[in-house]
Amino acid sequence: MIILPVLEWASWNVSFGGPDTGSGPLSRPWYHTHKTQFFGVLLAAASNFLISVSLNIQKCTHLRLACQMEPKPYYMSKQWWCGITLLGLGEVGNFTGYGFAAIALVAPLGCVSVIGNAFISVIFLKKTMRTDDILGGTLSVAGTYLLVSFAPSVPQEITARRLQNYLVSWPFLVYLILEIIIFCILLYFYKRKAVKHIVVLLMMVALLASLTVIAVKAVASMITLSVKGKMQLTYPVFYIMIVLMATSCAFQVKFLNQAMHLYEATAVMPINFVLSTTSAVISGVIFYQEFQSAALLSLFMFLFGCLLSFLGVFVIARNKKEERLQVPFIDCGRIPGQNLADKIQPDSHSSCYGTLNNEDDLVKSQG
């Protein structure tokens, strides 16, 4: 008696029947209503997967060149340029995805890149598939499904006039002031107090990422509308958003590189994903008023999907060792223009082992 209603609800939710049957996240009416957002989701997911492929190709190139007796510069390798091209295509696709779907829907899909990297590295870098990779991938896929199913479903046309209204709305102004205050406090500790903790660096990256995604969605949406015939490129706000996007992205890369220089990538990657995604979703909710008419259940399931995706990324990155070059020293005999005339260290069986040279020998060697 309890099973029957559940089965009826399941068949209603995933129905692919006629135009009047089903209204769940996989049904035909749902697809016709949300096909623009669905296209943005597919574009963002495919782009993030392409980015993971490109990064593995580049890393494979660097490792292959490092094993050569006379390695050539990486930018002379066709394989490296292939990876860079795929990376560019992936970033362009990700950028375009913001023009078709909500920030709250596109930003968390960065976990696709992490999942893809875990599985593609088995092919390109001959790594061993770990149990953590399978478990983390499963959690992230389940979280991604919940994100897509329960993300904000109200389609918005981000016109220049609507964007101007968003910029002067009091929720965004309060959010912007708080973000500036927090960023200045973190920057003070970073510059004046020399606090280089990973959370301090990645919090600054996340705060800048929130402005980046606001600007990226604005620019992508106005370009999309202009291509459809509704010209938006003549408004000054379009160029203001381009400047904001370029500036915030540049400083974001600076602090992220600093974090990568000081800490292991296996620690930076999951923390940056969680903080940046959370910041991006919050900015989308406040600035673009996403989830304005969402039901409480949809909001809860969306947050639960985010939690599963975050957990999956942490599981994949857990206990993951970084690749290191096998030669951590400089072979002085291969320095161009320098000839190694004598041993750097005497033989351990020699009488002078562990002692300084005599002064006469030192003068002779200098003469």
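Which pattern does the chain follow when it is read along the sequence? With the whole chain of this predicted model selected, the pattern to trace is α-α-α-α-α-α-α-α-α-α-α-α-α, and the chain has 13 helices and 0 strands.

Of the 367 residues of the chain, 39% count as buried.

Next, select helix H8, residues 170-191, together with helix H10, residues 236-262, whose axes come within 14 Å and cross at roughly 45 degrees. The two helices are therefore oblique to each other, and H8 passes H10 in a left-handed crossing. To see where they meet, show the side chains of Phe 183, Leu 187, Tyr 190 and Lys 191 in H8, and those of Lys 254, Phe 255 and Gln 258 in H10. Sorted by class, this contact has 4 nonpolar, 1 polar and 2 charged residues.

Now move to helix H9, residues 198-227, and select Met 203, which lies in it.

Keep Met 203 selected and look for its partners: leaving aside residues up to four places away in sequence, Met 203 touches Leu 186 and Leu 275. Finally, draw a C-alpha to C-alpha line from Met 203 to Ser 276, which are 73 residues apart in sequence and 8.0 Å apart in space.

Key: Residues numbered from 1 in each chain as written. Predicted model: local features only at pLDDT ≥ 70, side-chain atom pairs only at ≥ 80, totals over all residues. Heavy atoms only, no water. Helix = DSSP H or I, 4+ residues; strand = E, 2+ residues; numbered from the N terminus. Contact = heavy atoms within 4.5 Å. Axes fitted to C-alpha atoms, helices over the stretch in contact; angles between N-to-C directions. Parallel < 35°, antiparallel > 145°, perpendicular 65-115°, else oblique. Left-handed = near helix turned anticlockwise from the far one by under 90°. Nonpolar A, V, L, I, M, F, W, Y, C, P; charged D, E, K, R; others polar. Buried < 20%, exposed > 50% of the residue type's maximum accessible area, 1.4 Å probe, protein only.
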